[in-house]
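Here's a quick walk through the model, written for someone who likes to know the cut-offs. Have a look at it first.

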Amino acid sequence: MAKAFQFDFLLKLAIDKREDAARAISAALHKLEQARERARQIDQYREEYRRRLGDTASRGMRMQQWNDFQLFLAKLDQAVEQQAHEQVRCETLLETRKQAWLECEREVKAYETLQDRHEAREGQREAKLEQKQTDEWAAILQRRRDEQAG
């Protein structure tokens with residue numbers, strides 16, 4: 001009977017870690033997509049607001065109204081910048097998660113290589129054992145034939 005692979009538990013653990021890492025990639029990718037969408041929405045809103053400012057300014061406006069528009073535009077510019085930073089943070093997180101997954105993948109592959117070698121050795125061992133048993137049976141049968149013949 002073949003011996004069990006001694007690192008089977010570690011292989012299963014490494015596979016679980018790799019699956020967790022894949023889920024972390026998925027979550028990081030989702031966060032990045034959300035950050036990109038928020039950045040797009042904020043930028044779009046800022047451009048609409050600038051157009052409104054241009055339309056209103058062309059019809060004339062009070063100084064207080066002009067200042068309010070400018071303050072709000074500054075806040076929108078700040079929001080765009082903050083969202084760009086968030087997007088970079090999410091991209092960095094995604095890259096970190098990918099690297100973690102690659103490390104898990106290497107670990108799984110290493111254990112799978114050990115498992116393949118183990119199975120090959122066990123197959124050879126079993127083949128030798130089977131050959132030995134076949135040879136023993138052949139020898140026993142030959143002795144019986146020799147005893148019956150002689």
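What follows covers the overall build, then the salt bridges.

## Ground rules

This is a predicted model, where local features need pLDDT of at least 70 and side-chain atom pairs count only at pLDDT 80 or more, while totals for chains, interfaces and linings use all residues. Residues are numbered from 1 along each chain as its sequence is written, and side-chain values use heavy atoms, with hydrogens and water left out.

## Overall build

The chain has two helices and zero strands (DSSP runs numbered from the N terminus: H or I of at least four residues for helices, E of at least two for strands). Its C-alpha trace spans about 130 × 20 × 15 Å along the principal axes. The radius of gyration is 36 Å, whereas a compact globule of 150 residues would come in near 15 Å (C-alpha atoms; the globule rule is 2.2 Å times the number of residues to the power 0.38).

Buried residues make up 20% of the 150 in the chain (buried is under 20% relative accessible area, exposed over 50%, partly exposed in between, with a 1.4 Å probe and protein chains only). Of the contacts with a separation of 6 or more, 83% come from residues 24 or more positions apart (a contact means heavy atoms within 4.5 Å).

## Bridges between the helices

The whole structure holds 16 salt bridges (a side-chain nitrogen of Lys or Arg within 4 Å of a carboxyl oxygen of Asp or Glu). One of them pairs Arg-36 with Glu-91 at 3.4 Å, N to O. Arg-36 sits in helix H1 (residues 8–59) and Glu-91 in helix H2, 55 residues apart, so this pair links distant parts of the chain. Both ends are partly exposed: Arg-36 has a relative accessible area of 41% and Glu-91 has 33%.

Arg-46 and Asp-77 also form a salt bridge, with the closest N and O atoms 2.9 Å apart. Arg-46 is in helix H1 and Asp-77 in helix H2, so the pair ties together parts 31 residues apart in sequence. Is Arg-46 buried or exposed? Arg-46 is buried, at 14% relative accessible area, while Asp-77 counts as partly exposed at 30%.

Glu-86 and Arg-89 meet in a salt bridge at 2.8 Å, N to O. They both lie in helix H2, three residues apart, about one turn of the helix. Elsewhere, salt bridges with shared partners join Asp-43, Arg-46, Glu-47, Arg-50 and Asp-77 into one network.
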